[in-house]
Amino acid sequence: VQLVESGGGLVQPGGSLRLSCAASGSILSINAMGWYRQAPGKERELVAVITSGGSANYADSVKGRFTVSRDNAKNMVYLQMNSLKPEDTAVYYCNADALDAATPWKYLVIWGQGTLVTVSS
């Protein structure tokens, strides 16, 4: 299973971006999918996570500004980011708990390669 993110870029403070993440490969099932971010000099942190049933949780720092959603039929997860702030600047990583046909007895934690979001005027 592989995850590929897209949608990052440069945006001014107060602007919006939508990140997308596509899962591909011999996928049998995907449980939770989520977004993490890592700013320069900081540890990777959870941004938002969504279950296969659609229940979502957010970091306090993004509540009310970011919305996570997913399309189970397409094995995709999205992150709509509004009212962006300079402190949102980071590499954003997609994450999934996936059941691969090659190892059908256990879920694997899969990471994407990351996409850079820069919020600056």
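In which sense do S3 and strand S8 pair, and over how many bridges? S3 and S8 (residues 76-81) pair in the antiparallel sense, over six bridges. Strands are counted as paired if DSSP finds at least two bridges between them. The model is predicted: local features need pLDDT of at least 70, side-chain atom pairs count only at pLDDT 80 or more, and totals for chains, interfaces and linings use all residues. Residues are numbered from 1 along each chain as its sequence is written, and side-chain values use heavy atoms, with hydrogens and water left out.

The protein chain has eleven strands and zero helices. Both are DSSP runs, numbered from the N terminus: helices are H or I with at least four residues, strands are E with at least two. The radius of gyration is 14 Å, close to the 14 Å of the globule rule for 121 residues, so the chain is as compact as a globular protein of that length. This radius is taken over C-alpha atoms, and the rule is 2.2 Å times the number of residues to the power 0.38. Along the principal axes, the C-alpha atoms fill a box of roughly 45 × 25 × 20 Å.

Buried residues make up 40% of the 121 residues. Buried means under 20% relative accessible area, exposed over 50%, and partly exposed in between (1.4 Å probe, protein chains only). Contacts are defined by heavy atoms within 4.5 Å. Of the contacts with a separation of 6 or more, 56% come from residues 24 or more positions apart.

Strand S3 (residues 17-24) also pairs with strand S1 (residues 2-6). These two strands run antiparallel and are joined by five bridges. Ser6 has Ser20 of S3 as its bridge partner. On the S8 side, Cys21 is bridged to Val77.

Ile50 belongs to strand S5 (residues 45-50). Its relative accessibility is 4%, so Ile50 counts as buried. Ala32 and Ile50 are 18 residues apart in sequence, with their C-alpha atoms 5.6 Å apart in space.

Ala32 is also in contact with Asn95. Asn95 is part of strand S9 (residues 90-100). At 9% relative accessibility, Asn95 is classed as buried. Leaving aside neighbours within four places in sequence, the other contacts of Asn95 include Leu3, Met33, Gly34, Tyr36, Val109, Ile110 and Trp111.
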